[in-house]
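Dear colleague,

I am handing over the structure below, which you have not worked with before.

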Amino acid sequence: MQMIIYLFSIWANGESKYGDVVPAGVLYMPSGEKYINANRNIDNENLKNENNKNNKLKGFVLSDSVIIESMEEGKKKIFIPASLDKENKPTGNVLTIGQIGVLKEKIDSILKEMAEELLKGNINAYPVKGKDYEHTCEYCDYKDVCNIEEYDKRKEIKDRDFTEISTTMLCKDGEENG
Ligand code: SF4
């Protein structure tokens, strides 16, 4: 959620510095070691293709063909998770400006709720768990302060695709707040 908060902060407050601000999307590359599972005799071209699959960015892009083409030229998009179909319409991980606005409202309300809870003194440790989150607390410097125990509740993070996440986030009554 962090990068989306940055984006929305600039959208709401960036006019004096950047002029008219329109969010064009959020893209990020997850960190961590990536390995290619390939035959040892793989040729350079295929090796490059396999490697590019690992370099696909995550996130979403504004549903605008000019923006998409400006982010990555060419019919086949290797790095951004959006492209243009045969009729030049945006497809993939795209959101309209209206949908981005709904997302902003949702995130603003989550942040407000979090701030209110903090003001009430509710700062319970509530770490995440799930695929890629098995070691959340293992190397944390605050472990001795927060006193988390093995049996304490954790927030389950599920591996979901963009459609599933955006449908939940854009649903006004959705429960997603991770
Ligand atoms: S050990 Fe660190 S990451 Fe885990 S719950 Fe406590 S503060 Fe959060």
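This is a predicted model: local features need pLDDT of at least 70, side-chain atom pairs count only at pLDDT 80 or more; totals for chains, interfaces and linings use all residues.

The mean pLDDT of the chain is 88, with 96% of its residues reaching 70 or more. The exception I would point out is the stretch of residues 174-178, where pLDDT stays under 50 and for which the model has seven contacts beyond four places in sequence.

As for the overall build, the chain has seven helices and seven strands, and along the sequence these follow the pattern α-α-β-α-β-α-β-β-β-α-β-α-β-α. The radius of gyration is 20 Å, well over the 16 Å that the globule rule gives for 178 residues, so the chain is more spread out than a compact globule. Taken along the principal axes, the C-alpha atoms fill a box of roughly 55 × 50 × 30 Å, and 11% of the 178 residues count as buried. Among contacts between residues at least 6 apart in sequence, 52% join residues at least 24 apart.

Turning to the sheet, three strands form an open arrangement in the order β1-β2-β5, with mixed pairing. Because β1 (25-28) and β5 (94-95) stand at the edges and have a single partner strand each, one side of each is left without a neighbour in the sheet. The pairing of β1 with β2 (residues 58-62) is antiparallel and runs over four bridges, whereas β2 and β5 pair in the parallel sense over two bridges.

Is Lys 86 buried or exposed? Lys 86 has 7 C-beta neighbours inside 10 Å, and because a residue with 12 or fewer is classed as exposed, Lys 86 counts as exposed. Lys 75 lies 11 residues from Lys 86 in sequence, and the two are 9.4 Å apart in space, C-alpha to C-alpha.

Finally, there is the ligand, and the residues around it are Ala 125, Pro 127, Thr 136, Cys 137, Cys 140, Tyr 142, Lys 143, Cys 146 and Ile 148. Sorted by class, this shell has seven nonpolar residues, one polar and one charged.

With kind regards

How values were computed: Residues are numbered from 1 along each chain as its sequence is written. A residue is near a molecule or strand if its C-beta atom, placed from the backbone, lies within 6 Å of it. Ala, Val, Leu, Ile, Met, Phe, Trp, Tyr, Cys and Pro count as nonpolar, Asp, Glu, Lys and Arg as charged, and the others, Gly among them, as polar. pLDDT is the predictor's confidence in each residue, from 0 to 100. Two residues are in contact if their C-beta atoms, placed from the backbone, lie within 7 Å. Two strands pair if DSSP finds at least two bridges between them. A residue is buried if 20 or more other C-beta atoms lie within 10 Å of its own, exposed if 12 or fewer, and partly exposed in between; C-beta atoms are placed from the backbone. The radius of gyration is taken over C-alpha atoms; the globule rule is 2.2 Å times the number of residues to the power 0.38.
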